[in-house]
Amino acid sequence: MSTENPSAVMLRLVQGAWVTQSLYAVATLGVADHLTDGPRTSAELAAATGAHADSLHRVLRYLVSLGVFAGDDASGFRLTPVGELLRSDVPGSARDRALMYGTYNYRAFAELLHTVRTGETAFDHVFGMQAYQYIGEHPEIARSFDRQMQTGGSFFAHLAEQYDFSGAQTVVDVAGGNGTLLATLLTAVPELRGILLDAGHVIEAARDNLRTQGVLDRCELVAGSFLDAVPEGGDVYTLSRILHNWDDETCGRILERCHAAMDANATLLVLERLIPEDGSPSVAQASDINMLAVFGGRERTATEFRTLLDKAGFDLSGQRELPPDTAVLVARRR
């Protein structure tokens, strides 16, 4: 049990907005990119980024105390392993996530109380539209959102290790984004072919990514909505971090569309963070509040997913763990 003073704990918790906006500021300015070649003073960084030197110095000093940067103006500020994740050119970059959490996500969270009182999604209340509509109407935000979703998919590389694709010929990635998961699977299993379904504005980014990964010739790209129809002909269907974005009714529609497209021998893989059944702390509980305020969705327990799948005509036949915090639910069409 922690011996930290309760008042200190509470003070740190209520200061969370300060952290979010400080990270957003340095991410927007690209400070981490300007430190890749070595330490620089706040004045040098201000000149390079068009910022106010003293104000930037104070934000950097605060982030040093949080372990994002190290050093000071005497020795120059430099990146820590945490700060490295704000660089735009590193695998798993958190820069796009910092930009999202500091802008429209942040504005939505200012109205979380509205959600708690009414059940209405805070984002819809603030912006007058659903988050995905807003993202789709702002191309640069859409590109940033897609990048941060894919860089958060470190578990992709482990899926082919935890599920045996050797008997499958075609995998259908439903709402597969820029195709990173599909490319990972096709690279790991050379005999596989892939079908990717997503909105029209996402498909071209997927085409470019799949071409770069050298697997485009084994892919079919389908522009459309999983609320309308899902491509037929797959042996394995994947829903990677899709269902948590939606309420139970919409999830039921998505699963029913998958069920209608699948033949009797096909398998559905649902990749999601799971809330522990015993209520123990997990990243899924924090993510659940983001789903509540921004997307109108929710994170779920394995039991809750089993209920959704059962109503849509699936039997949950297994569960595998993917590092760092994702589970694969294996479902068979009933």
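Student: How far apart do the end C-alpha atoms of residues 12–86 lie, and how much of the span is helix and how much strand?

Tutor: This is a predicted model. In it the end C-alpha atoms of residues 12–86 lie 22 Å apart, and the span is 61% helix and 11% strand. An unreviewed UniProt entry annotates residues 12–86 as "domain: O-methyltransferase dimerisation".

Student: How are two packed helices described?

Tutor: By the angle between their axes and the distance between the axes. Take helix α4 (residues 42–49) and helix α5 (residues 53–65): they pack at an angle of about 115 degrees, with their axes 9 Å apart. The crossing of α4 past α5 is right-handed.

Student: Which residues of α4 and α5 meet?

Tutor: From α4, Ser42, Ala43, Leu45, Ala46 and Thr49. Their partners in α5 are Ala53, Leu56, His57 and Leu60.

Student: Is Thr115 buried or exposed?

Tutor: Burial is read from relative accessible area, with buried meaning under 20%. Thr115 has a relative accessible area of 4%, so it is buried. Thr115 sits in helix α9 (residues 112–118). Not counting residues up to four places away in sequence, Thr115 touches Glu120, Thr121, Ala122 and Leu292.

Student: How many residues does helix α16 have, and what does it reach from its first C-alpha to its last?

Tutor: Helix α16 (residues 248–261) has 14 residues and reaches 20 Å, close to the 20 Å expected at 1.5 Å a residue.

Student: Which residues of α16 are buried, and what do the buried residues pack against?

Tutor: Thr250, Cys251, Gly252, Ile254, Leu255, Cys258, His259 and Ala261 are the buried residues of α16. They pack against the strands β3 (170–174), β6 (236–240), β7 (267–272), β8 (314–322) and β9 (326–333), and against helix α18 (302–311).

Student: Which residues touch the most other members of the largest nonpolar core?

Tutor: That core has 33 residues, and Val174, Phe226, Tyr237, Leu239, Leu255, Leu268 and Phe314 touch the most other members. Elements giving two or more residues to this core are β3, β4 (193–198), β6, α16, β7, α18, β8 and β9. The largest share, five residues, comes from α16. Apart from this core lies another, of 27 residues, among them Val171, Ala183, Leu186 and Cys219.

Student: What is Phe226 in contact with, leaving aside its neighbours within four places in sequence?

Tutor: Phe226 is in contact with Val174, Ala175, Leu197, Ile242, Trp246, Ile254 and Arg257. Of these, Ile254 is one of the buried residues of α16, and Val174 is, like Phe226, among the core residues that touch the most other members.

How values were computed:
Residues numbered from 1 in each chain as written. Predicted model: local features only at pLDDT ≥ 70, side-chain atom pairs only at ≥ 80, totals over all residues. Heavy atoms only, no water. UniProt positions renumbered as here; feature names shortened; annotations may be inferred. Helix = DSSP H or I, 4+ residues; strand = E, 2+ residues; numbered from the N terminus. Expected span 1.5 Å × (residues − 1). Buried < 20%, exposed > 50% of the residue type's maximum accessible area, 1.4 Å probe, protein only. Contact = heavy atoms within 4.5 Å. Core = buried A, V, L, I, M, F, W, Y, C linked by side-chain atoms within 4.5 Å. Axes fitted to C-alpha atoms, helices over the stretch in contact; angles between N-to-C directions. Left-handed = near helix turned anticlockwise from the far one by under 90°.
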